[in-house]
Amino acid sequence: MDVADLTPAQARKRFREGERVPTAGWCRGWTQANLIAVPKQLGYELLLFAHRNVRACPLLDVGEPGAWSTDLFAGDLRTDLPGYRLYRDGRAVADLDDVVEEWREDLVPFLIGCSFTFERALLDAGVPVRHLELGTNVPMYRTNVPCAPTTTLSGPLVVSMRPVPEALVETAIEVSGHYPMVHGAPVHIGDPAALGIGDLARPDYGDPVEVRPGEVPLFWACGVTPQAVIMASGVEYAIGHLPGHMAILDARDERYRVS
């Protein structure tokens, strides 16, 4: 079966059984989300951080402390994503297939919108999506743009990049702008140096893609931002998804489309 035709439950079963792959293009019509789980004592700070940085951290769902499912994710957050990243004292210390042993009773899971959710709408509007064409992960970059801080959380904005033919830039802006809860319209268009990105061929996360003649790089706020903030802030313990390896929710894309 084409992975685009899978239901969220079918996809989660494949990940639980060991499939490890970026999820762009999976489960057509179903919403994808970033995972970040932090100790309960940091939960309010992360909630406030998300409120202050809604473009990068549009919050879709929050679980109870210790919970490994939420209202929008009926699976097991410890096993049903295709990859995880473990943080200790602000350092990424391991990439893991599951986090059953690492999941603590005080961890609060946050599910944050993902731009994969509006990629089908881009395709339907005639906007090509290069990483889908290539079957690779989307390129993501740490920028020199600081997020609005809280008392204990601060760090850089992370962006994802998609090259778009110049004639379709306005279409891409309009289409993605209808999905504010999954990052919405681009935060920057054109020169990557304006974001402090020195080389598009060397993303901080994901895989590089070619920007061809006549194309313009468009940059969207990215839900990997909390993981960059975890590192910059020296958070003592956290679990995130492996960038590009998302939680697939039991919610339809259209739920997050606004007129």
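## Terms and basis of the model

A residue is called buried when its relative accessible area is under 20%, exposed when that area is over 50%, and partly exposed in between, using a 1.4 Å probe and the protein chains only. This is a predicted model, in which local features need pLDDT of at least 70 and side-chain atom pairs count only at pLDDT 80 or more, whereas totals for chains, interfaces and linings use all residues. Residues are numbered from 1 along each chain as its sequence is written, and side-chain values use heavy atoms, with hydrogens and water left out.

## Overall build

The protein contains six helices and eleven strands, where helices (H or I, at least four residues) and strands (E, at least two) are DSSP runs numbered from the N terminus. Its radius of gyration is 17 Å, close to the 18 Å that the globule rule gives for 259 residues, so the protein is as compact as a globular protein of that length; the radius is taken over C-alpha atoms, and the rule is 2.2 Å times the number of residues to the power 0.38. Along the principal axes, the C-alpha trace spans about 50 × 45 × 35 Å.

Of the 259 residues, 56% count as buried. Contact here means heavy atoms within 4.5 Å, and among the contacts with a separation of 6 or more, 77% are between residues 24 or more positions apart. The accessible surface comes to about 10,700 Å², of which 50% belongs to carbon and sulfur atoms; such areas come from the Shrake-Rupley method with a 1.4 Å probe, and for residues only the protein chains shown count as cover.

## Arg12 in helix α1

Arg12 is found in helix α1, which covers residues 8-16, and at 5% relative accessibility this arginine counts as buried. Leaving aside residues up to four places away in sequence, Arg12 touches Phe73, Ala74, Gly75, Asp80, Ile248, Leu249 and Asp250.

In helix α5 (residues 169-177), the buried residues are Val169, Ala172, Val175 and Ser176. Seen down the axis of α5, these residues fall within an arc of 130°, so they line one face of the helix; the arc is that of the directions from the helix axis to the C-beta atoms. An α-helix has 3.6 residues a turn, so residues three or four places apart point the same way.

The buried residues of α5 pack against α3 (119-124), β7 (156-165), β8 (188-189) and β9 (215-221). On the other side of α5, Glu170 and Glu174 are exposed.

## Salt bridges

A salt bridge is counted where a side-chain nitrogen of Lys or Arg lies within 4 Å of a carboxyl oxygen of Asp or Glu, and by this rule the count comes to 15. One of them pairs Arg20 with Asp97, whose closest N and O atoms are 3.2 Å apart. Arg20 lies in the loop between α1 and β1 (30-39) and Asp97 in the loop between β4 (91-96) and β5 (107-113), so the pair ties together parts that are 77 residues apart in sequence. Both ends are partly exposed, Arg20 with a relative accessible area of 31% and Asp97 at 48% relative accessibility.

Asp76 and Arg78 also meet in a salt bridge, at 2.8 Å from N to O, and both of these residues are buried. In a further salt bridge, the closest N and O atoms of Glu215 and Arg130 are 2.4 Å apart. This pair links distant parts of the chain, with Glu215 in strand β9 and Arg130 in helix α4 (residues 130-134), 85 residues apart. Glu215 counts as buried at 15% relative accessibility, as does Arg130 at 3%. Elsewhere, salt bridges that share partners join Arg104, Asp106 and Glu236 into one network.

## A nonpolar patch and a loop proline

Tyr44, Leu47 and Val62 make a nonpolar surface patch of about 290 Å². Patches are made of residues with over 30% relative accessible area and no salt bridge, with like charges joined within 9 Å and nonpolar side chains (Val, Leu, Ile, Met, Phe, Trp, Tyr) within 5 Å. Leu47 lies in helix α2, residues 43-52, and is partly exposed at 40% relative accessibility.

Pro208 is placed in the loop between β8 and β9 and is partly exposed, with a relative accessible area of 42%. Not counting residues up to four places away in sequence, Pro208 touches Pro139, Leu200, Ala201 and Pro203. Pro208 and Thr136 are 72 residues apart in sequence, yet 8.6 Å apart in space from C-alpha to C-alpha.
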